[in-house]
Amino acid sequence: MDKNQIGVQYMQEGNYEEAAKAFNEAIEENPTDPVAYINFGNVLSAVGDDEKAIKFYQRALEIDENAAAAYYSIGNIMFTHDQFDEAKNMFETAMKKGLESADNYFMLGLTLVQLDKNRFALPYLQRSVELNEEDAEARFQYGLCLAQLEFIDESMVQFEKCIELDPGHSDAYYNLGVSYAFKENSTKAIEMFNKALENQPDHLLAGHAKKLIENMQ
């Protein structure tokens, strides 16, 4: 197993110190390998040193301007710092450079939602779900985007699939409740709000929506 693989294994275990050592050794052994720089950047980002992480991603791009994973990783950092236009550019560049991953589609979709471009976000979130059908959060965000574009029936399908994958997803129950309320099915709406509150007793939106419907009955 090479140093990069060893480092990735340490990262998955949450042992960032050993991961950093392994990636550092990988860089020393092969200073022109962009993957080692990207991996080292990922460790730095995981421990909150985003500024230094970006330098490692940029170094990877100096070695290979087609290193798609570096663009994706920079995009993630930009997203967490609410720099959505920059994040969008990075995720789009990663895609142009050949990164066809569910995560990249998902993050590009989320970024477009943050930029109030839901209609543009929709196909990326859809593609993310197609590439990774088991991702409950991608299902939820796709459903949310559909709901915001008033595709209510289609959004409900995604919320239900999200709950199948993650029965504790209180926000999916809440949004299903809102959808049932929209369709004037108050019994099912209250049932969904109750489920949201079972999973998260301090879910203020679900509590408020439930009271609202009960008062109207």
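This is a predicted model: local features need pLDDT of at least 70, side-chain atom pairs count only at pLDDT 80 or more; totals for chains, interfaces and linings use all residues.

Colleague: Okay, which side chain does glutamate 29 meet in a salt bridge?

Modeller: Look at where the N and O atoms come to 2.8 Å in a salt bridge with glutamate 29. Glutamate 29 is in helix 2 and its partner is in helix 1, so the pair ties together parts that are 26 residues apart in sequence. That partner is lysine 3.

Colleague: Is lysine 3 buried, partly exposed or exposed?

Modeller: Buried would need a relative accessible area under 20%, and exposed one over 50%. Lysine 3 has 24%, so the word for it is partly exposed.

Colleague: How many salt bridges does a search of the whole structure find?

Modeller: Another one joins arginine 59 and glutamate 62, at 3.2 Å between the closest N and O atoms. Those two both sit in helix 4, three residues apart, which is about one turn of the helix. For the whole structure, the search gives nine.

Colleague: Moving on, are helix 7 and helix 8 roughly parallel or roughly antiparallel?

Modeller: Their axes come within 8 Å and cross at roughly 155 degrees. Angles over 145 degrees count as roughly antiparallel. Helix 7 and helix 8 are therefore roughly antiparallel.

Colleague: How many nonpolar residues are in the contact of helix 7 with helix 8?

Modeller: The contact includes Phe106 and Leu110 of helix 7, and Tyr124 and Leu125 of helix 8. Three of its residues are polar and one is charged, while the nonpolar ones number 12.

Colleague: Which residues does glutamine 141 touch, not counting those up to four places away in sequence?

Modeller: Glutamine 141 belongs to helix 9. It is buried, with a relative accessible area of 17%. The residues glutamine 141 touches are Phe106, Leu110 and Leu125.

Colleague: Last one: is histidine 169 buried or exposed?

Modeller: Histidine 169 sits in the loop between helix 10 and helix 11. Beyond its neighbours within four places in sequence, histidine 169 is in contact with Glu137, Phe140 and Cys162. At 9% relative accessibility, histidine 169 counts as buried.

Conventions. Residues are numbered from 1 along each chain as its sequence is written. Side-chain values use heavy atoms; hydrogens and water are left out. Axes are lines fitted to C-alpha atoms, for helices over the stretch in contact, and angles run from 0 to 180 degrees between N-to-C directions. Helices (H or I, at least four residues) and strands (E, at least two) are DSSP runs, numbered from the N terminus. Angles under 35 degrees count as roughly parallel, over 145 as roughly antiparallel, 65 to 115 as roughly perpendicular and the rest as oblique. Contact means heavy atoms within 4.5 Å. Ala, Val, Leu, Ile, Met, Phe, Trp, Tyr, Cys and Pro count as nonpolar, Asp, Glu, Lys and Arg as charged, and the others, Gly among them, as polar. Buried means under 20% relative accessible area, exposed over 50%, partly exposed in between (1.4 Å probe, protein chains only). A salt bridge is a side-chain nitrogen of Lys or Arg within 4 Å of a carboxyl oxygen of Asp or Glu.
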